[in-house]
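My notes follow in the order I took them.

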Amino acid sequence: MIAGISIYEILTVTSILFFIGVYGFITRKNLISILMSIELILNASVINFVVINKYLYPDLLQGVFFSIFIIAVAAAETALAVAIIINLYRQIASVEVKDTETMKY
Amino acid sequence: MNFTYIILIPLIPLVSFLLLGIFNKKIKPGISGYIGVAGLSTSAALSFYTAYTYFFTIGKVDGVYQTFVEKITWMNFTDTLAIDMGILIDPISVMMLVVVSTISLMVHIYSRGYMKGDDGYTRFFAFLGLFSFSMFGLVLATNLFQIYIFWELVGVSSFLLIGYYYTKSSAVAAAKKAFIVTRFADLGFLIGILIIGYYTGTYDFETLNNPEGSTILNWASSSFMGLSIITWALILIFMGGAGKSAMFPLHIWLPDAMEGPTPVSALIHAATMVVAGVYLVARLFPMYYFVEDGFALNIVAYVGAFSSLFAAIIAITQTDIKRVLAFSTMSQLGYMMLALGVSGYDGHEGVGYMASMFHLFTHAMFKALLFLGAGSVIHAVHSNYLKDMGSLRKYMPITNITFLVAALAISGVFPLSGFWSKDEILVAAFEHNKLIYFVGIFVAGLTAFYMFRLYFGIFWGKNTTYKHTPHESPISMTFPLMILAFISIFSGFIPFSELITPDKAGFEAHLNIPLAIVATIIGLIGIGLAYIFYKKENDLADRFSNAFGIFYKWTFNKFYFDEIYLFVTKKIIFNRIAGPIARFDKKVVDGTMEGIGNKTVVISKKIKGIQSGKVQDYALSFIAGAVVLALVFIYLWTN
Amino acid sequence: MDILSLFVIVPVLTIIALLFTKGLKQARLVSMVGSIFQLGMAINLVIAYFKERAINDSIMVFTKDFVWFEQFNIHYSIGVDGISVALIVLTTIVVLAGVFISWKMADLPKEFFISLLVLSTGVYGFFISIDLFTMFLFYEIAVIPMYLLIGIWGSGPKEYSAMKLTLMLMGASAVLMVGIFGIYFNSNADGGALTFNILEIAQVNIPFEAQKLFFPLTFIGFAVLGALFPFHTWSPDGHASAPTAVSMLHAGVLMKLGGYGVFRVAMFLLPEGTIHWSWFFIILAAIGVVYGAFGAIKQTDLKYINAYASVSHLGLVLFALLTLNKIAWNGAILQSLSHGLLTAMFFALIGMVYGRTHTRDIHKLGGLMKIVPFIGAIYVITGMAYLGLPGFSGFVAEMNIFVGAFQNPDMFQRVLTVLAVSSIVVTAVYILRLVGKIMMGPLVNEDFKNLPKVTWYEKTGILLLLIPIVGMGVAPLWLSDMIMASLDPFIKGVL
Amino acid sequence: MERYIFYILALIMIVFAIASVTSKKMLRSVIYLLFVLCGIAGIYFLIDYNFLAAIQLTVYAGGIIVLIIFSVVLVHHIEMELELAKKSKQILVGLACLIGLGVFLTTIYSHPFNVVENNITTTTEDIGLGLLSYETGGFILPFEVISVLLLASMIGAIVIAKGKKLTDKNDSTL
């Protein structure tokens with residue numbers, strides 16, 4: 001509990017963060033930037049888990065567990081994504097989205 | 001009396017055709033000639049025997065000649081309407097059998113000499129067989145459909161024979177023209193048959209021609225545009241006949257048909273096939289006469305008279321001897337039509353009909369003779385044109401004499417056959433229609449003139465120097481000439497009025513002395529003029545043609561009818577109808593279908609664009625969609 | 001095994017046998033044996049049919065029925081009458097002739113013959129089926145191999161043509177399917193169960209509204225295959241690109257499915273709809289007759305000429321069917337047979353000319369009669385038969401059509417009849433133009449002097465087609481009567 | 001006091017998040033993201049989830065960001081400016097996001113959260129026990145699954161990143 005801060009304010013902040021992430025995900029043209037936007041989205045939702053756990057069901061810890069899992073998955077995902085990006089870079093010397101369209105259609 | 005054996009008359013030439021056609025290359029030319037001649041001799045013998053039996057052994061029963069019909073059903077339409085195949089024996093069909101078999105036999109014999117050495121020799125005899133078969137079938141037909149069937153078959157034989165020299169473009173074009181023009185005429189014939197079949201319920205000549213039958217009595221039961229529908233049918237059928245018989249304005253194919261070998265011209269385009277139209281009208285004569293008081297018959301008379309005059313005028317100016325003869329044929333056919341047109345039905349009234357058939361007979365003989373004679377000349381000088389001929393009497397005595405006989409016969413000089421038949425026609429015309437009589441008598445003069453122009457041009461006139469000295473043709477060619485000359489001289493004495501009349505009863509014919517004298521004088525004037533102009537080489541003729549100037553030019557160009565037809569077919573049908581249809585098909589009909597296809601492709605490309613494969617685009621649509629759905633479900637769709 | 005199912009089984013067995021063959025020689029031998037066997041069966045069928053007909057006067061004879069899809073009451077239900085027997089005989093003849101004409105098929109012979117036989121299987125199945133669904137199934141089996149046959153073995157813009165043909169026919173199938181389902185879902189109008197069986201549906205009084213709605217769909221669905229104007233454009237391109245045997249089979253047999261389907265399904269099952277709509281479709285058919293003939297005049301490609309001629313002649317079939325008259329119907333069936341043989345013959349000849357001269361442009365051909373007299377003579381004969389010369393099949397068919405069409409005193413129909421009759425002149429024009437140009441006249445190309453002679457298998461193929469053409473033309477009575485007798489059931493509904 | 005800290009953190013997070021997704025410089029963008037992640041850790045501290053905050057700092061700020069920075073320096077020229085989307089697209093997306101945000105917020109604010117006032121401190125031990133508990137509500141199974149997933153992704157990352165033998169052409173770029 002944060003003294004003087006209601007759950008609404010926190011959720012507002014996380015919503016804003018979430019949409020900033022979405023905005024970035026759609027507008028960015030670079031694979032790494034997109035990855036970063038995804039991190040933003042993930043984090044916004046992690047906060048939600050935690051905050052709802054804390055404010056509404058303080059006796060339980062599910063929210064916390066979930067956030068831990070999400071962080072773990074995010075780490076794994078990032079590792080993989082970075083691997084892919086590097087490999088891609090080796091293949092085509094670029095990590096721009098527009099250069100990776102050969103598999104389209 | 002059993003006439004079943006008559007079926008052999010057409011079948012023998014058919015067998016010869018199949019034999020020669022299928023084993024074309026395997027048969028030696030000499031043998032194929034013999035096969036053809038042997039077949040036709042048998043047919044001819046049978047024909048003569050039939051004629052003898054029919055006219056003299058059986059003769060008249062109760063004062064009229066009987067009609068014998070034997071037929072089998074060939075195809076059923078309904079229980080009552082069917083196409084039969086069979087033979088019909090009555091005076092005109094028997095007479096036609098004699099004409100066709102005689103001429104055909106003569107031409108067969110003649111061709112053995114004329115076609116010698118040609119590499120299509122066997123094919124030629126095969127086609128002659130096919131033609132003889134079809135012509136016999138036509139003559140013996142028992143009903144309208146059968147006659148139509150054989151009508152088409154003679155048409156195709158004519159096509160094949162005109163196009164016999166198929167490597168020559170002009171021959172191919174002429175064959176095509178002949179077929180298409182007659183085909184167009186047959187369209188009328190066919191529609192006429194359809195009308196008759198529907199309104200009378202039968203195609204049988206016997207039923208149709210019965211003067212007390214329902215067809216003739218009930219002709220007024222239905223009408224179309226002010227005329228009885230049966231009259232329309234008869235007019236349309238006459239259209240078919242006019243096409244085959246080269247009546248104006250469907251005559252244009254006949255002069256071109258002279259591209260065929262000369263024996264073919266003699267057989268098909270002078271003596272037999274072209275009279276099919278006359279025969280058809282004669283065959284349906286009671287209908288023509290009784291339905292609507294002979295309205296259709298009047299049309300026949302006027303068309304015949306006009307064609308006769310028209311062709312005679314053109315014939316004067318032509319320089320190709322075969323074309324002169326072709327126009328002469330057309331003119332004489334018009335004569336026969338005219339005679340039919342002015343004929344009555346009962347007793348002596350039927351003189352026109354009788355004269356027409358009489359003239360058909362005599363004309364077949366002397367016109368075939370003229371053609372064969374012309375063939376003999378062409379064979380000798382290797383040219384069709386008058387300018388390459390002259391003084392041939394010294395080289396070709398037999399041809400000269402026989403040609404002269406034929407020319408005298410066609411000019412109506414006493415006592416040759418043409419005199420008798422032509423005289424009867426003029427009598428009939430004089431009794432029924434004075435206008436037509438004057439046309440007839442004028443044409444008679446013209447005929448004598450152009451015929452002797454031809455005769456003098458070929459056998460007298462200028463002394464032409466020939467590269468190869470012409471010589472008389474071999475016996476195989478001169479023999480038929482002599483036979484035909486003999487018939488041309490004496491066939492006038494056959495008592496046709498006893499044998500062939502519309503009511504089949506016969507009547508006593510008398511020579512109408514004043515009319516005969518007038519006709520003879522006119523004929524002699526024509527011959528005299530020709531003698532002055534063409535006997536010796538002089539420039540009278542040229543001066544005259546220059547004097548007539550434009551008229552001469554028009555006549556020489558056959559009044560530009562070929563050009564008119566060419567204009568209609570080439571410019572109008574090909575370019576104005578067929579061309580636009582082809583374009584319409586490509587652009588509009590096909591274009592529509594194609595357009596549908598192309599539009600589908602374009603739209604699918606557009607749709608494919610949405611499916612860009614970019615995750616970000618999908619995300620955008622996903623977000624946008626989710627937002628819209630959320631808006632809808634949360635705010636708009638609240639109960 | 002019953003006599004009809006064999007017509008489906010034997011081609012399938014032949015196909016299976018073909019799978020084990022190697023090379024052209026074995027493939028064509030197997031196909032030939034199979035096709036000859038089919039011809040034998042067809043002859044046997046005719047004899048058996050006459051025997052059976054003498055003691056059995058039901059609409060269809062040799063009927064058999066197996067349920068193969070119970071929920072929708074779909075049966076494998078077969079039976080024949082005079083019409084289908086005649087068309088089956090036609091099919092066997094054309095297939096056999098097609099095999100002979102493809103004797104030297106060099107590319108992928110095995111696959112080619114397999115496709116050809118699949119096609120014929122579909123055609124046989126179509127003709128013997130009396131269950132709408134099974135019929136439709138066989139129809140599709142017959143249409144699909146066309147795509148492969150044209151697309152793979154064709155010439156010219158073959159992919160385009162194959163695509164166009166298949167798409168248009170598939171489009172028609174879609175329309176047809178709606179029509180068939182429309183009939184199916186109205187087949188219980190009298191309170192019975194839903195059924196696809198034609199004979200059972202014929203007994204049902206389908207409501208007039210439904211007939212009015214579904215007749216055009218069913219009619220167009222079939223008539224597109226019968227080259228109804230303005231849905232004919234697939235046919236010239238398709239024929240032009242198809243290999244010879246395929247053109248033969250397609251124009252000779254497959255296009256007959258259209259007329260047959262119109263007659264057997266659309267008109268038989270929806271008689272009131274037929275009467276209601278006939279005025280409209282008869283105009284289209286009559287236009288097609290004249291239009292096709294004029295269209296043919298201007299073409300320069302031999303195959304295009306023939307394709308447009310087919311539009312004209314098949315227009316005549318549809319025209320005759322829609323005149324609603326027994327004689328004309330008889331004529332329509334005869335015309336189907338006659339056109340099948342004649343057009344197959346034409347395509348075979350065109351194939352032979354093309355195989356020798358490597359061109360189909362009539363301006364580049366001329367005077368071939370001198371070089372290859374056999375082709376020339378047969379070409380003239382076929383041309384004459386095509387323009388309705390007596391003594392050949394075309395005349396018999398056309399006369400039946402014209403006489404029949406003339407039986408209706410209605411002025412409107414008279415005018416259309418005269419229009420249709422006038423096509424015989426136009427036909428004469430383009431046929432003679434064709435014959436005169438390519439066969440007669442002077443030789444245009446010196447290279448043609450050494451064209452190869454006609455081989456025995458080509459002659460066999462041609463004679464196979466020629467004999468029935470002449471046979472039909474000379475003695476049409478038995479065939480005409482056989483068909484006529486089968487028309488009676490149809491009279492009741494429409495007349 | 002905590003309230004102000006929260007506001008400051010929120011401001012930092014939002015501002016740097018925006019900066020992170022709009023910056024044209026790659027590396028800066030990553031650093032901005034780092035600030036955001038740190039801010040999130042701060043929030044965890046504020047609501048007394050110290051362990052979580054620690055994880056956030058170590059794994060995210062310490063691990064993932066470093067990973068990203070590595071990849072950036074590996075594949076990216078520092079000086080290069082990033083390409084941005086078209087203006088129209090930016091506006092469109094921004095608009096969509098704003099509307100979405102509006103929807104979110106109205107939903108959130110119209111929902112009566114049943115907040116339980118508390119001051120419970122969660123110890124690391126509680127978390128450890130919860131994660132490894134076999135009892136009802138225990139998370140041992142997901143825990144194991146996650147461990148396997150991590151292993152798999154590690155192997156995968158190695159396999160992918162290792163790639164084929166480098167060609168001459170690519171040598172110059174490395």
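How many residues of chain B are in contact with how many of chain C? I note first that this is a predicted model. I looked up the pair and got 37 residues of chain B in contact with 40 residues of chain C.

Next I looked at what chain B brings to that contact. Strand E3 (68-76), helix H5 (144-162), helix H6 (169-200) and helix H25 (561-610) of chain B each supply at least two residues of the side that touches chain C. H6(B) has the largest share of that side, with 13 residues. By residue class, I find 23 nonpolar, nine polar and five charged on the side of chain B that touches chain C.

I stayed in chain B and checked helix H1 (residues 8-22). Its 15 residues should span 21 Å at 1.5 Å a residue, and the end C-alpha atoms are 20 Å apart, so the two values agree. I then listed the buried residues of H1(B): Ile9(B), Pro10(B), Ile12(B), Pro13(B), Ser16(B), Phe17(B) and Leu20(B). Down the helix axis these buried residues fall within an arc of 160°, and therefore they line one face of H1(B). I recall that an α-helix has 3.6 residues a turn, so residues three or four places apart point the same way. What do the buried residues of H1(B) pack against? I find helix H2 (29-58), helix H3 (91-114) and helix H4 (121-140) of chain B.

I moved on to chains D and A. Here 74 residues of chain D are in contact with 63 residues of chain A. On the side of chain D that touches chain A, the elements giving two or more residues are helix H1 (2-22), H2, helix H3 (50-75), helix H4 (87-110), helix H5 (124-131) and helix H6 (140-162) of chain D. H3(D) gives the most, with twelve residues. That side of chain D divides into 52 nonpolar, 17 polar and five charged residues.

Last, I took one helix pair between these chains. The axes of helix H2 (residues 31-56) of chain A and helix H2 (residues 26-46) of chain D come within 11 Å and cross at roughly 5°.

Key. Residues numbered from 1 in each chain as written. Chains lettered and ligands numbered in written order. Predicted model: local features only at pLDDT ≥ 70, side-chain atom pairs only at ≥ 80, totals over all residues. Axes fitted to C-alpha atoms, helices over the stretch in contact; angles between N-to-C directions. Helix = DSSP H or I, 4+ residues; strand = E, 2+ residues; numbered from the N terminus. Contact = placed C-beta atoms within 7 Å. Nonpolar A, V, L, I, M, F, W, Y, C, P; charged D, E, K, R; others polar. Expected span 1.5 Å × (residues − 1). Buried ≥ 20, exposed ≤ 12 C-beta atoms within 10 Å, placed from the backbone. Arc of directions from axis to C-beta.
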